[in-house]
Amino acid sequence: MTTVDLSATLKKHFGYDEFRPLQREIIQDALAGRDVFVLMPTGGGKSLCFQLPALTRDGLTIVVSPLISLMKDQVDALQTSGIPATYLNSTVDREEAKARWRGLHRGDYRLLYVAPERLMLDTFLERALNWNIAQFAIDEAHCISEWGHDFRPEYRELKKLRKHLPDVPIMALTATATEQVRADIIKELNLRDPRPYVASFNRPNLTYRVVAKTAPYDQLLAFMRSRPNDSGIVYCASRKSTESLARNLNENGVSTKTYHAGLTTSERTRHQEAFLRDDVRVITATIAFGMGINKPNVRFVVHYDLPKNLESYYQETGRAGRDGLPSECVLLFSPGDVAKQLHFIDEKSESEARIARAQLRQMVHYAETRECRRATLLKYFGETYPITRDGIGGETAPLQVSCDGCDNCLQPRETFDGTVHAQKFLSCVYRVHAKSGFAFGLNHVVDVLRGADTEAIRQRGHNELSTYGIGAELKRTEWQAIGRELLRLGLIECAPGKFTTLSLTSEGLKTLRNRTPIVLTKQIDIAEKNARRRAGTIECDEALFERLRALRRKLADDRKVPAYIIFSDVSLREMARDYPTNSTEFRRIPGVGEQKLKDFGEAFLSEIKSHSAANPRRIFSKDVDITFPKPAELA
């Protein structure tokens with residue numbers, strides 16, 4: 001196909017004028033019949049790499065996906081864009097399945113979504129041999145590797161595809177994979193001289209922040225209330241936490257559902273549907289939630305507890321901002337969480353424990369670093385940041401600039417002379433231990449410093465200590481933050497176990513005795529919103545945007561599909577910025593293909609006209625657009 005043909009197909013079916021980085025090259029290789037390996041972060045546009053070729057050649061593309069709950073969502077999106085696609089899984093009743101089989105035999109579809117265990121059934125493959133199969137697309141391909149973070153044994157069976165259908169090219173796609181996992185995918189799928197494509201792992205529209213975990217629920221609620229219209233995911237370490245958080249958030253007016261392995265399949269599906277359709281705006285979830293989530297307008301991901309490794313953290317934060325609009329990733333960090341994880345790690349075999357400790361150290365380094373968090377995260381994946389001037393490496397020197405997208409770059413924390421505060425805290429840790437003969441936790445030490453009248457303090461005689469009440473000038477949260485920083489500085493340490501108690505390290509004791517000067521950093525509130533314009537910002541008429549959102553929701557409910565399947569937030573913001581008045585102008589909006597123009601153009605143009613009749617038209621700068629990262633500069 002010619003370049004013009006590819007661009008025309010992109011606009012006609014998907015409504016976009018330009019490809020994202022690497023998409024065109026991947027599509028051209030796929031159309032040439034090559035095996036292809038695609039490593040592209042969430043939101044990078046992986047699906048288009050097999051969907052567009054399926055439209056431009058004869059035959060059927062079979063898409064292997066591990067999550068049946070999301071197949072309908074993906075097929076609905078394709079059908080809304082006028083693309084013949086279907087899926088076969090256990091949710092389809094017998095009569096409907098027969099109809100779809102007949103359609104497949106007639107060649108009615110361009111794409112078929114199916115789970116690996118169903119595809120590899122002998123009866124399924126026998127029938128598939130009669131179809132004109134043009135390509136296999138193996139989504140979430142890292143599931144085939146035992147070295148991956150989400151290994152699924154049923155994916156191993158896919159290696160037999162080469163034997164049954166040796167001439168059909170295979171495209172393997174994943175959003176996150178180390179070098180070892182990449183090699184495993186290529187080997188296990190028997191890919192033939194695959195062309196590897198590795199996109200940048202940088203997500204410029206995401207802001208990364210780490211906040212000291214002091215009063216976690218209050219911090220989370222303040223964050224939610226400061227973003228009343230935003231949709232997001234809160235990841236927790238346990239099922240119990242997801243349930244208690246959801247209960248409390250609902251009581252405080254934040255519509256929330258849970259997602260974890262303890263729910264029945266139907267409950268998980270129901271909760272996920274409610275989230276996808278914006279019936280609830282928050283999901284509290286364990287790591288069981290998220291793979292393949294296609295909801296583009298997740299505006300924040302909060303980690304309520306510390307993830308076990310950076311790969312999981314990156315994958316989970318990647319569910320925010322898939323549409324390229326500014327979104328936030330917040331990690332609530334407490335050294336106590338580290339101690340809890342170490343306790344669990346100690347129960348593993350020695351070989352497993354060694355790997356888990358190394359991964360945890362990398363995670364803690366990310367949480368505690370004062371350097372650019374984006375650079376730290378990308379370095380883990382072998383990518384250098386800042387990206388060089390040409391964007392892809394070479395001899396050009398890196399640009400030593402702020403990433404403009406993490407707390408350490410946007411708001412380098414102010415420092416202050418914390419010697420007196422540090423002395424008070426260290427002295428209190430020392431004295432409660434000397435008085436009772438054993439150590440106490442952070443909250444108890446803070447209570448002693450602030451002169452709290454608690455039963456625990458009276459019972460142990462800690463109200464008689466010289467450090468009792470000497471810290472009344474600071475808030476409880478401020479003392480907790482100081483305690484956490486002294487932990488990070490290695491002056492005190494957490495004991496592992498059920499109760500995380502504090503004790504002085506040898507360096508802490510030395511600092512206390514010598515009155516060594518200590519520089520501390522001021523903490524930043526979790527609810528704070530940075531005023532600086534972020535990558536991906538689209539300024540628009542917010543009142544019109546809200547009207548268009550309401551119209552989109554009504555149309556989606558009528559069709560029983562998630563709202564973003566009608567149009568993304570990006571499309572609505574562009575409408576609310578450009579005020580299109582006719583079909584020609586409406587067609588220029590990103591995401592408006594021929595089918596969507598036909599189905600929805602009149603309704604949205606009417607809404608824009610109605611708003612414009614009652615409100616003055618506003619003019620917006622066009623100098624900030626959706627930014628997608630360039631190909632990776634691999635170390």
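These entries record what I looked up in the predicted model.

I took residue numbers from 1 along each chain as its sequence is written, and side-chain values from heavy atoms, with hydrogens and water left out. As the model is predicted, local features need pLDDT of at least 70 and side-chain atom pairs count only at pLDDT 80 or more, while totals for chains, interfaces and linings use all residues.

Entry on Ser-65. I located Ser-65 in the loop between β2 (60-64) and α4 (68-80); helices (H or I, at least four residues) and strands (E, at least two) are DSSP runs numbered from the N terminus. Ser-65 is buried, at 5% relative accessible area (buried is under 20%, exposed over 50%, partly exposed in between, with a 1.4 Å probe and protein chains only). Leaving out residues up to four places away in sequence, I found that Ser-65 touches Met-71, Gln-74, Val-114, Ala-115, Pro-116 and Tyr-155, a contact being heavy atoms within 4.5 Å.

Entry on the cysteines. I searched for disulfides (pairs of cysteine sulfur atoms within 2.5 Å) and the count came to zero. For Cys-409, the closest cysteine sulfur is that of Cys-406, 3.7 Å away and therefore too far for a bond. Cys-409 counts as buried at 18% relative accessibility, and Cys-540 is buried at 4%.

Entry on α23 and α25. I noted that the contact between these helices involves residues of α23 including Phe-545 and Arg-552, and residues of α25 including Leu-572 and Asp-569. The contact residues divide into six nonpolar, no polar and five charged (nonpolar: Ala, Val, Leu, Ile, Met, Phe, Trp, Tyr, Cys and Pro; charged: Asp, Glu, Lys and Arg; polar: the others, Gly among them).
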